[in-house]
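Here's a quick briefing to read alongside the model. Have the sequence and the 3D view open as you go.

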Amino acid sequence: MRLLILFIIANAALFLFGCGEEKAPEMAAVPAPEDNIFTNREWSVIQRLSPLPEAPPPSPTNRVADNLNAAQLGQMFFFDTRFSKDGTVACATCHSPFHGFADVEATSLGAGRGTRNAPTLLNVAYNQWQFWDGRADTLWSQALAALEGEIEQAGTRLQYAHLVHQYYAADYETVFGALPELEDTARFPTDGKPGDVAFDRMSEADQHAVNTVFANIGKAIEAYERLLISRNAPFDRFVAGDTEAISPEAKRGLKTFIGKGVCILCHDTPTFTDNEFHNLGVPQGPLPEDAGRYAGISLLLSDPFNGGGVYSDDTAVATRILNFLEPIPRHQGEFKTPTLRNVALTAPYFHTGEFPTLESVIEFNNLGGTGGNFVGQRERTLEPLQLSEQEKTDLVEFLETLTGESPPTHLLIKPNLP
Ligand code: HEC
Ligand code: HEC
């Protein structure tokens, strides 16, 4: 009796002072399906994973992020191989619409051979960080890194500004306003980037003008990437109430995913990533040492195109976040938790691309790592999982229910290039 009174008083206090709201709800908003597979508590965890929010988070550093004219222009840049050093590589070379906007190769071949696996671009606009090491804090600055990256497109910003002037001037000016006087090749040489004599000799104002065109190319590409959303996977239909949308094996796999497999510790949002970086001890195999996030932080902070820089359209939030970042040794060997949506389409896996199948990834997790050559310390909480053969195949079955509907096809048709 006394306990009951205390309980009532405590609840009244919580009610009065409003601190009861933070309590995790015991009961889910929508009740669990009546097939006795999931408890109500499990069901409320599952509901955190679906649906994908209607729109990706806003991108204040890019004022044209949601402008459709910009997206159309960005789509053309995405498929245009002229935007590369030798005219043979485009974004789509490694992010193929036919393979979930990822690459079937372990490491991609562009202007050179890289040392990391190309991630999917589906739902990429929901990411807080770009690249496995998070060295870009916006999609538009990520695109610039690819356009000039030695292993990707390896061209130069002056080359790209001239391509825009030659082939896309009208569409560009509709979105971004007047181009600089690029026909004057004495002022604006046809090729070059910082570090090249041709670029370094230009006046500061002209360099700034070219950097602005370069940044705008990235902003148009981001506007296109923001439309690459894939939703309504069988898993989403299941959570929305269609109990038949996924198989009994997949349901058991889901139970393992949020339970014994502890996958939910990191893959815990509707995009199935915590937007954080972890060291799973994935071996580098034949690839060179990779410090991951540790090196990524320094690269991000020194990037003139980061969200806090002069080419950003709103530096306030980005600067606050950047100020928090520090390359401390704990980040050695950490990589970004990737999305698991559409993961069945995007083999091979992990940042190295050395794991050919979902089975091999799960076996790696099950063993609690396999040793081998990796940088830094494996996260201490990761222990062998003791999963049975059945639990492993169920997990794969579940991951296969995360393949969503592709973005509308008109966005995927290779446009007729001028
Ligand atoms: C030569 C192959 C290649 C080309 C060309 C290429 N990429 Fe990538 N892309 C990759 C690889 C590999 C990664 C991962 C690299 C890393 O993390 O260091 C990546 C990462 C990304 C990411 C980060 C995704 C994430 O989840 O972290 C985005 C976004 C992206 N690329 C978009 C583009 C765009 C836009 C273009 C064209 C301007 C482009 N890529 C050109 C191979 C390529
Ligand atoms: C401690 C956080 C953490 C836990 C727990 C975790 N993951 Fe991951 N997952 C990651 C990170 C980080 C990566 C990328 C690692 C890398 O490439 O170095 C990853 C990669 C993956 C990939 C490869 C995706 C791709 O595109 O390459 C799959 C599949 C995956 N995880 C599934 C699972 C499953 C299933 C479980 C549970 C059995 C699980 N993860 C548990 C953090 C985690």
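What covers the buried residues of H5 includes H6 and H9, with buried meaning under 20% relative accessible area, exposed over 50% and partly exposed in between (1.4 Å probe, protein chains only). Keep in mind that this is a predicted model, where local features need pLDDT of at least 70, side-chain atom pairs count only at pLDDT 80 or more, and totals for chains, interfaces and linings use all residues. Residues are numbered from 1 along each chain as its sequence is written, chains are lettered from A and ligands numbered from 1 in the order in which they are written, and side-chain values use heavy atoms, leaving out hydrogens and water.

**Overall build**

- The chain has 15 helices and 2 strands; helices (H or I, at least four residues) and strands (E, at least two) are DSSP runs, numbered from the N terminus.
- Of its 418 residues, 52% count as buried.
- Take the contacts (heavy atoms within 4.5 Å) with a separation of 6 or more: residues 24 or more positions apart account for 71% of them.
- H5 is mostly covered, with 9 of its 10 residues buried; among them are Trp140, Gln142, Leu144 and Glu148.

**Nonpolar cores**

- A nonpolar core here is a set of buried Ala, Val, Leu, Ile, Met, Phe, Trp, Tyr and Cys residues joined through side-chain atoms within 4.5 Å.
- The largest one has 35 residues, and Phe77, Phe83, Leu147, Val164 and Ile217 touch the most other members.
- Helices H3 (68-79), H5 (139-148), H6 (157-167), H7 (169-176) and H9 (204-225) each supply at least two residues of this core, and the largest share, 8 residues, comes from H9.
- Leaving aside neighbours within four places in sequence, Phe83 is in contact with residues including Phe77, Leu147, Val164 and Ile217.
- There's also a second, separate core of 34 residues, which includes Phe38, Trp43, Ile264 and Leu340.

- Phe38 sits in the loop between helix H1 (2-17) and helix H2 (40-46), and it counts as buried because its relative accessible area is 7%.
- Skipping neighbours within four places in sequence, Phe38 is in contact with Ala32, Trp43, Ile46, Phe238, Lys251, Leu254 and Lys255.
- Phe38 and Leu254 are 216 residues apart in sequence and 9.6 Å apart in space, C-alpha to C-alpha.
- Arg226 lies in the loop between H9 and helix H10 (234-239); with 6% relative accessibility, Arg226 is buried.
- Not counting residues up to four places away in sequence, Arg226 touches Pro56, Pro57, Pro58, Ser59, Ala65, Asp66 and Ala125.

**Iron sites**

- His95 is in the loop between helix H4 (91-94) and H5.
- The iron atom of ligand 2 has a single donor from the protein, His267 (NE2), 2.1 Å away. His267 is in the loop between helix H11 (248-258) and strand E1 (277-278).
- Donors are N, O and S atoms within 2.8 Å of the metal (3.2 Å for Na, K and Ca); water is not among the atoms, so sites may look incomplete.
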